[in-house]
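Dear colleague,

I am handing over the structure we spoke about, and below it I have written down what was found in it. Please keep it open beside you while you read.

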Amino acid sequence: MHAIVLWVSAILVLIIAAIFLAVARSSSTSASAQSVGKTANMIRHLSFWGALVFGALLLYATLRPWPHALPPGDDAITVTVTGSQWSFEVDTESVPTGKPIVFALTSNDVNHGVGLYDENYKLLNQAQSMPGYTNRFQYTFDKPGTYKLLCLEYCGLGHHEMASELTVTSSTASAELGRK
Amino acid sequence: MAKQATMPSDFGPRVVMALSGLVFVLLMVFGLLMRATQAGMLPIDPTLFYQLMTAHGIGMVGTCGFAGAGIMWYFARQYVPVTNGIFWGFTGLFLIGVVLILAAIFLMGFAAAWTFLYPLPAQSGGVWDVNATVVYLVGLLLVGVAFLILYLDMGWAILKSQGGLGQALAWPTLFSGSTDAPPATIVATTVVTIVNTIALVPGAAIILISIVNALVPTFGIDALLAKNMIFFFGHVFINAAIYMSIIAVYEIVPRYTGRPWKTTRWFALAWNATIILVMFVYTHHLFQDIAMPAWTLIMGQVLSYLSGLPILVVTTIGLLANLYGSKVKWDLPLALLTLGVFGWAAGVIPAVIDGIISVNKIMHNTMWVPGHFHFYLLLGLVPMAFGFMLWVTKTRQADALGGLSKILFWAYTAGGLGVVWSFLVGGSVSVPRRWAEHLPQWQGVDAFGTVFAVLVVVAALFFLIRYVVGFGGQPTSSEPAE
């Protein structure tokens, strides 16, 4: 999704730039203000109603399912992350692949943000960790490895050093360990 | 509408624009230093980095508002009886606030970012003390009071001269198709006066609460409520800054093309809708505060998409229609104003995309965020401000868009695009925003942004020098196209 977001933005910006450049070039020619006004009015109507219809479709497509939904039932494993200037306290060292993990975030002092990053520093999910509240998001890991929790809300001079790790093991290995 | 018989002098807004231009360039240098540090090209330590970041953020937001107010007041004084003394009072109070803010940051070490997110100002982790927090927040409060005084005078002048709020908002045109509408400038000014006056109240309240919290730590409020107040105020304020600057486009472009920018029914609808949209959209800043009621986040996504639409549609299409086939003679001010509308229109794209909750989960508080707001500030508001400045002093500027002007216009455009895309690409590879130190794999994009930032600084410095040198100049036409 990260690359798609960038490419969609780039293409739409290029289209807008092309329209501006084309109109700037046309400005050396002569056209009657009345005929330009009529065309502009038509474009205004079309773009307004077109954007409204597109927006409704976009809304439907991006809010179902609800992006902050938590897994139903009690199958999920909860990992509690508590932020303090400038470290995270994580109550679990490792979690298995294939099971929904609910991250419950809170803070002892100021606002922090918890960004869940993979081994290549790609952001997978996030939420704010703030005093007086517990924000929850869920993620199901499909690959074992050492994942990172980085602070994503500016919280003072140690902000960029505020990081922790979470080990994800394969569900088969975890099950074997459980049997032993 | 007839022009006022006696207009206040334009010396005040000219001074405000000179100061704004100077601060824009200075803060661009701060931005350049930060990008170079993230790229590993400069050894600035995190303490200074976060001070620069705080000054860059609050300075740019404040100066965007300051410059926007200068533009709005310059044109509004043609139609409504604003008070010259109040404008000078606004300028003086704003500058006192700026001095306090700078002292708090660079002499006392305050570095809680421009958003001063409660309770960070009072809980610095032992870095800055309570005095720094109080001085910063009092400075900010003075800036807020300065704007409030300006808007109260503006609101009073509008009510006195337009015969009511409905008339100033072009309601007869909107609801019954009347052709007797106020000028576009008055409609925009009225909307900005309403929304910013409302936004400044919770803004001032959270500043006062934060001051008390710093002095008496046992006194506090709910952190989520505080966040709502800060983002409501901040979002409306920076959007209003853009709306004030757009007035330059409505007023100046028609004087080049000879095609008036009329208050049509669409125009009235767009600006009236904005009053509501801009005030309720701020919850899109809180998508990752999952404790917020779900309906507020859905509202944030819906309005995030809708809020850009009305004014953008009328302004962008209006500008393009004004220019198309107009046989206009391009010069630097017109080119900068057109660039400003492009930057604003294009900047809405990454903003709206980040306003989708599922996208926000992987883009929020990454470099994507400075990417989108630099798009409509660095390539939107700032070129509009410089365009206005060079138009106001037009008789002392070179005529056509040629030679050095052309080179530096394109240098600014390319530099701005490079800076913006370095942020957006950084966001797409998940680089966190507001980090003083970057991992080596992120520094290639940072270096790219740094090089383009140099172009921006050089070109902006040129625009500023042109303005200062031509300070006593006049516009070629001071009359709006009828």
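Arg434(B) lies in the loop between α15 and α16 of chain B, and in this predicted model its phi is near 60°, a positive value in a residue other than glycine. Most residues other than glycine have a negative phi, and most peptide bonds are trans. With a relative accessible area of 13%, Arg434(B) falls under the 20% limit and is therefore buried.

Asn365(B) belongs to the loop between α13 (357-363) and α14 (368-392) of chain B, and, with a relative accessible area of 3%, it is buried.

Helix α15 (residues 403-428) of chain B has 26 residues and spans 37 Å from its first C-alpha to its last, which is close to the 38 Å expected at 1.5 Å a residue. Ser430(B), which follows α15(B), has a positive phi, near 70°. In helix α16 (residues 443-469) of chain B we find Val445(B), which is partly exposed, its relative accessible area being 23%. Although Val445(B) and Phe423(B) are 22 residues apart along the chain, their C-alpha atoms are separated by 7.9 Å. Setting aside neighbours within four places in sequence, Val445(B) is in contact with Arg35(B), Ser422(B), Val425(B) and Gly426(B).

One joins Arg64(A) and Pro65(A), with omega about 0°, and Pro65(A) sits in the loop between α2 (33-63) and β1 (77-84) of chain A. Another joins Gln85(A) and Trp86(A), again with omega about 0°, and Trp86(A) sits in the loop between β1 and β2 (87-90) of chain A.

How do the axes of helix α2 (residues 46-76) and helix α3 (residues 84-107) of chain B cross? They come within 11 Å of each other and cross at roughly 175°, and because angles over 145 degrees count as roughly antiparallel, that is how α2(B) runs relative to α3(B). Among the residues that make this contact are Ile58(B), Phe66(B) and Trp73(B) of α2(B), together with Phe87(B), Phe94(B) and Ile101(B) of α3(B). The residues of the contact divide into 12 nonpolar, seven polar and no charged.

Helix α7 (residues 184-215) of chain B has 32 residues and reaches 46 Å from its first C-alpha to its last, close to the 46 Å expected at 1.5 Å a residue. Of its 32 residues, 23 are buried, so α7(B) is largely enclosed by the rest of the structure. Thr185(B), in helix α7 of chain B, counts as buried at 1% relative accessibility; leaving aside its neighbours within four places in sequence, it is in contact with Phe75(B), Ala76(B), Tyr79(B), Ile247(B) and Glu251(B). Thr190(B), which also lies in helix α7 of chain B, counts as buried at 2% relative accessibility, and, not counting residues up to four places away in sequence, Thr190(B) touches Ile158(B), Leu165(B), Ala168(B) and Leu169(B).

Which residues have the most contacts inside the largest nonpolar core? They are Phe103(A), Tyr136(B), Phe388(B) and Tyr412(B), and the core itself has 234 residues. Helix α8 (residues 223-257) of chain B gives the most to this core, with 24 residues. Leu225(B) has its place in helix α8 of chain B, but it is partly exposed, with a relative accessible area of 45%. As for Phe103(A), its contacts, not counting residues up to four places away in sequence, include Val79(A), Leu116(A), Asn135(A), Arg136(A), Phe137(A) and Leu166(A).

Finally, please look at Ile290(B), found in the loop between α9 (265-280) and α10 (294-307) of chain B. Is it buried or exposed? Its relative accessible area is 19%, and as this is under 20%, Ile290(B) counts as buried. Not counting residues up to four places away in sequence, Ile290(B) touches His68(A), Ala127(A), Asn135(A), Arg136(A) and Phe137(A).

With best wishes

Terms used. Residues are numbered from 1 along each chain as its sequence is written. Chains are lettered from A and ligands numbered from 1 in the order in which they are written. This is a predicted model: local features need pLDDT of at least 70, side-chain atom pairs count only at pLDDT 80 or more; totals for chains, interfaces and linings use all residues. Side-chain values use heavy atoms; hydrogens and water are left out. Axes are lines fitted to C-alpha atoms, for helices over the stretch in contact, and angles run from 0 to 180 degrees between N-to-C directions. Helices (H or I, at least four residues) and strands (E, at least two) are DSSP runs, numbered from the N terminus. Angles under 35 degrees count as roughly parallel, over 145 as roughly antiparallel, 65 to 115 as roughly perpendicular and the rest as oblique. Contact means heavy atoms within 4.5 Å. Ala, Val, Leu, Ile, Met, Phe, Trp, Tyr, Cys and Pro count as nonpolar, Asp, Glu, Lys and Arg as charged, and the others, Gly among them, as polar. The expected span of a helix is 1.5 Å times one less than its number of residues. Buried means under 20% relative accessible area, exposed over 50%, partly exposed in between (1.4 Å probe, protein chains only). A nonpolar core is a set of buried Ala, Val, Leu, Ile, Met, Phe, Trp, Tyr and Cys residues joined through side-chain atoms within 4.5 Å.
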